[in-house]
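Q: I'm new to this one. Can you walk me through it?

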Amino acid sequence: MNKKSLTETDIRSKFITPAITGKDGEKWDLMTQIREEAYFTKGRVIVRGKTVQRGAAKKADYLLYYKPNFLLAVVEAKDNNHSVADGMPQALEYAETLDAPFAYSSNGDAFLEHDRTATSGPVTREIPLDHFPTPDELWARYCAAKGWTPKQQQLTTQDYYDDGSGKLPRYYQRIAINRTVDAITGGQNRILLVMATGTGKTYTAFQIIWRLWKAGTKKRILFLVDRNILADQTKTNDFKPFGQAMTKITNRKIDKAFEIYLCLYQAVTGTSDEQNIYQEFSPDFFDLVVVDECHRGSAADDAAWRKVLEYFASATQIGLTATPKETKDVSNIEYFGEPIYTYSLRQGIADGFLAPYKVIRIGLDKDLDGWRPEDGQLDKYGQVIEDREYNDRDFDRNLILENRTKVVAAKVTDFLRATNRFAKTIIFCENIDHAERMRQALVNANPDLAAANSRYVMRITGDNDEGKAQLDNFIDPESTYPVIACTSRLMSTGVDAQTCQLIVLDRRINSMTEFKQIIGRGTRINEDYHKFFFTIMDFRRATSLFADPDFDGEPVQIYEPGADDPAGPPDDPADPPTDLPTDTPTAADSEFPDASQPPGGGLGPFDGSPGPAKSIRYVVDNVPVDVVMERVQYLDDAGGLITESLTDYTRKTVRKSYASLAEFLTVWNQAEKKQVVLEELAAQGVFLEELADQVGRDFDAFDLVCHIAFDRPPLTRRERAEQVKKRDVFGKYESKARAVLDALLEKYSDAGILSLESIDILKVAPLPSFGTPVEIVKLFGGKPGYLAALRELEAALYQEAV
């Protein structure tokens, strides 16, 4: 057998797989320990205009497991025209991503090993094909590198919970779970996990707790949250397998008969000792305390959560957060230590597990220029408005411009009318009063749908029982109503709104932690409901935080329309206007609580002053407010912001792969199937359908690429087909075969090159008139002759390009 003539698949099946499993299957179990061509990402969601597609997902040739969810090695294979080491760069990249201690590459002659646990001595070595290590050998080497005792090894291999459905944790969840258990095995008692919103923190926490509980290492566990809905979601969903061993502390009553406790921290703490019912437990009652969303309460020295943590100081404590908090007064890294694992928003978007997003930035004239009342001007309720300049720090706090609220509601309505009026939408307002006024404005802007169902627009805030009662319906993908939720802070975190497609920011946000949490309301993907990306509509320049070095997941698109432009971005945005001006935010802006104050008066903070000060709230109903600008940017495959047209993006992307027209032509003409070349371009975000809409649908994919990337004059498919006919390319074939080729040429004129590359084309009229596919192939002396004629046809179509 000539190895050089074998494909990579042949090399794997004939040489590498038998070497890994052993001649008689005595090494690695093919069914339980080996995954071949294993995908571990979903492929980035690429958004251009109205088109959405996934980029290429990452897959490893082999993943080798000691037992389920305990990955030991990554193996990358190459055909025998490569050296043994050629697959190592990719093997190492995947091993680092997947947290595998060993990486291997092979071309079917031998293996090259890279030991990622080695700190001294040889790191790489070549291994004969029949000497590939067994699972026990690799596990022993890994345990020795970790310094684990037999008891520690037993804990680290405790089984995951398996519900029998075949559901497996995603690779980053597995890493977070295993690293946490490993850290506890090693005696670490303060642990921080950072995982972006929408990546399954609660499921990850469940598997950690399950394994420690089943191993008997942790017998009594407290899971702390700060929102009641989080405790209920956890109990009924991810933590359900704990069954009768689990309870939720309610009504300030303690029952010490359970093992797993879910708890709202407000339910066990208070301002007086009798309210601090957590003290009814002895300080050493719990072995493990897990704090969800630990960036909020537990990180502050004087916070109630912190007191609970300090009371149960002897317990192992795990903090979960999407946003580590580091300020002068608050630090969860200081308390828990550096994160043992971080899975960021940027990585989640790159892997295709999280939804990317567009941004529509809308600048209102009064926000950008400010507003000053005329001398002695009265507000709606007859109060003399204080003479000073008001800006967006005042609006909807100290000063209400009713027309401003109407303009925001109108822009939101315009966008939904242009896209989907039933797209789940969250509008973040300054406070409860603002949320209620926004609800009313949206009802007035959508009288037809509001009349059809009163829940089309709802205020969902902490003080509104009717709204809070609808929160589960808003979250439920199967529930149509409510569609638009007006809120302030209640829905900024912990709300698993999988189908949320529009987030509206009409509140100043200067806290990066809060900004990330709000963005997280839309980052979940739900393919069943065709939710792959979402849109942020920003009226308060909150998205200037994208430029902050601490932000790790830029948008796919930013759009800042002018006053007369549509609310949604065009499919092919033009060059943007100058950026909106920004100002210097104050820390107090992001901490303004929900506050319901009657129009015309009340107390509220005055931003920019050294401390809280009394100010009257004015309501003005006769000042016009206008939109002055909007703008669009995309997120490229490297995570950077770009503002460019689809054609510019295509030109840059193609030229990354092909430096010149000659290089592209060489690859195109040598490709046995043109579809392979086009699929590679599509994986990089080249949208041929969108390009055809702009350049012309009569052009071949080949001409679209050459024209846009290399400025080559395009020919229509019909023009290419006519040139082939004039050259009488098929004169050597007998009449019936020539007729088949002429029919195929017509199919190319109608549908393009890809239509010819499938044998199914022979079943499409008029080709069946020449016989069955088998009979047609026989006209060319068999399948090889037919494929040769097809290649000749393709060569003729692109002849002048050569």
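This is a predicted model: local features need pLDDT of at least 70, side-chain atom pairs count only at pLDDT 80 or more; totals for chains, interfaces and linings use all residues.

Q: How much of the protein chain do buried residues make up?
A: Buried residues account for 56% of its 802 residues.

Q: And what share of the contacts comes from residues 24 or more positions apart?
A: They account for 70% of the contacts in the protein chain with a separation of 6 or more.

Q: Let's talk rings. How many aromatic pairs does the structure hold?
A: It holds 49 aromatic pairs. Take Trp139 and Trp148: the ring centres are 6.2 Å apart and the planes stand at 50°, so this pair is tilted.

Q: Why tilted, and not stacked or edge-to-face?
A: Stacked needs planes under 30 degrees apart, and edge-to-face needs over 60. The planes of Trp139 and Trp148 are at 50°, so the pair counts as tilted.

Q: Are those two buried or exposed?
A: Trp139 is buried, at a relative accessible area of 8%. Trp148 is buried as well, at 11%.

Q: Which residues form one aromatic cluster?
A: Phe258, Tyr261, Tyr278, Phe281, Phe285, Phe286, Tyr311 and Phe312. Some of them turn up around Leu222: it touches Tyr261, Phe286 and Phe312, among others.

Q: Tell me about Leu222, then. Where is it found?
A: In strand β10 (residues 221–225). Leu222 has 4% relative accessibility, so it counts as buried. Beyond residues up to four places away in sequence, it also touches Cys263, Leu288, Val289, Val290 and Val308. The C-alpha atoms of Leu222 and Leu262 are separated by 6.1 Å, though the two are 40 residues apart along the chain.

Q: What sits over the ring of Phe15?
A: The charged end of Lys3, 4.3 Å from the ring centre. Elsewhere, Lys167 lies over the face of Tyr203, at 4.2 Å from the centre of that ring.

Q: On to helices. Which residues are buried in α21?
A: Helix α21 spans residues 674–683, and Lys674, Val677, Leu678 and Leu681 are buried there. They cover an arc of only 95° around the axis, so they lie on the same side of α21. Just after α21, Gly685 takes a positive phi of about 95°.

Q: And how do α22 and α23 cross?
A: At roughly 75°, with the axes coming within 10 Å. That angle means α22 is roughly perpendicular to α23. On the α22 side, the contact is made by Leu688, Leu691, Ala692 and Val695. On the α23 side, it is Ala701, Leu704, Val705, His707 and Ile708.

Q: Last one. Where is the place of Pro766?
A: In the loop between α25 (735–751) and α26 (773–778). Pro766 is partly exposed, with a relative accessible area of 44%.

Q: What is Pro766 in contact with, leaving aside its neighbours within four places in sequence?
A: Ala743 and Lys747. The C-alpha atoms of Pro766 and Val740 are separated by 9.1 Å, and those two are 26 residues apart along the chain.

Technical notes
Residues are numbered from 1 along each chain as its sequence is written. Side-chain values use heavy atoms; hydrogens and water are left out. Rings of Phe, Tyr and Trp (its six-membered ring) pair if their centres lie within 6.5 Å; planes under 30 degrees apart count as stacked, over 60 as edge-to-face and the rest as tilted. Buried means under 20% relative accessible area, exposed over 50%, partly exposed in between (1.4 Å probe, protein chains only). A charge sits over a ring if NZ of Lys or CZ of Arg is within 6 Å of the ring centre and within 35 degrees of the ring normal. Helices (H or I, at least four residues) and strands (E, at least two) are DSSP runs, numbered from the N terminus. The arc is that of the directions from the helix axis to the C-beta atoms. Axes are lines fitted to C-alpha atoms, for helices over the stretch in contact, and angles run from 0 to 180 degrees between N-to-C directions. Angles under 35 degrees count as roughly parallel, over 145 as roughly antiparallel, 65 to 115 as roughly perpendicular and the rest as oblique. Contact means heavy atoms within 4.5 Å.
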